[in-house]
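This report concerns the pairing of charged side chains in one protein structure. The sequence and model are shown first, and the account of the pairs follows.

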Amino acid sequence: MTRRRVGLVALFGAALLALAAEPVAAQPSASTTVEQIWELNLNLLYVAIPITVLVEGILIYTVWRFRNQDEPLPTMENRRLEITWTVATAIILLFVGVASYQVLASPYVTAEAGAQADIQQENPEHIEVQAYRYGWSFYYNGSSFQDNAAATSTGTLRMPADREVRLRITSRDWLHAFHVPSLGLKSDAFPGQYNRLRTVPTEPGTYQLYCAEYCGSGHSKMLGEVVVMPPDEYDQWIADQQNQSSN
Ligand code: CUA
């Protein structure tokens, strides 16, 4: 009876999970990065739900069917059954592996250390992110990383929508981590090293930036904002910053 109850609880859990996933999937994706991550998540969920229902169904049926067996017998070896479930598991894991690798290997998802691959999209926007105890500074370099940034900002990272953004992330002092969940961006920030992320933000708006690596007493307050702006407004903002600094 207890096992049956456990089975029922698991079945309800799986159903709740499927319901909970629906509104999340309906959200507009704010960047190409988060879109890829959610697509993988949903694909894996669509595979996992039927497997969960099948396994729990068999479990519940078995518990119910044999509940009053007075003399339980051990299961005999069944080679065909064993080969079947081994092959089925291998196929499922292969699917999970291939699907995950396609997303994890994407330069729009995983941070790259060191040199960046060749530019594929025209006019990417290069921005350097510097973490420090306890805040964030941003250096806007335009079409490539240069010694002199076209603009700087602290606390608020501005990005143009519908344009490829390349971030190189570093730290001035200590271990931190750059994390913008709504845009699917996450990377460690190490002193003396650049980690690189790329994305194409698609929805103008304001997104929360967190430090995702415990870095001291101010860690929980090491927050920032990412403001994704329409491209023309972004260009205007950069131009205004340049004018201000040249005056
Ligand atoms: Cu910086 Cu935690």
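How many salt bridges does the count come to?

## Basis and count

The count comes to seven salt bridges, a salt bridge being a side-chain nitrogen of Lys or Arg within 4 Å of a carboxyl oxygen of Asp or Glu. Side chains of opposite charge can pair when their charged atoms come close.

The model is predicted, so local features need pLDDT of at least 70 and side-chain atom pairs count only at pLDDT 80 or more, whereas totals for chains, interfaces and linings use all residues. Residues are numbered from 1 along each chain as its sequence is written, and side-chain values use heavy atoms, with hydrogens and water left out.

## An exposed pair

Glu77 and Arg79 form a salt bridge whose closest N and O atoms are 3.2 Å apart. Both residues are exposed (over 50% relative accessible area; buried means under 20%, and partly exposed lies in between, with a 1.4 Å probe and protein chains only).

## Buried pairs

In the salt bridge between Glu125 and Arg163, the closest N and O atoms are 3.3 Å apart. Glu125 belongs to strand 2 (residues 125-132) and Arg163 to the loop between strand 5 (156-160) and strand 6 (165-171), so the pair ties together parts that are 38 residues apart in sequence; strands are DSSP runs of E, at least two residues, numbered from the N terminus. Glu125 counts as buried because its relative accessibility is 7%, and Arg163 counts as buried at 16%. Salt bridges that share partners join Glu125, Arg163 and Asp235 into one network.

Arg166 pairs with Glu164 in a salt bridge, with 2.7 Å between the closest N and O atoms. Arg166 and Glu164 are both buried.

Key
Helices (H or I, at least four residues) and strands (E, at least two) are DSSP runs, numbered from the N terminus.
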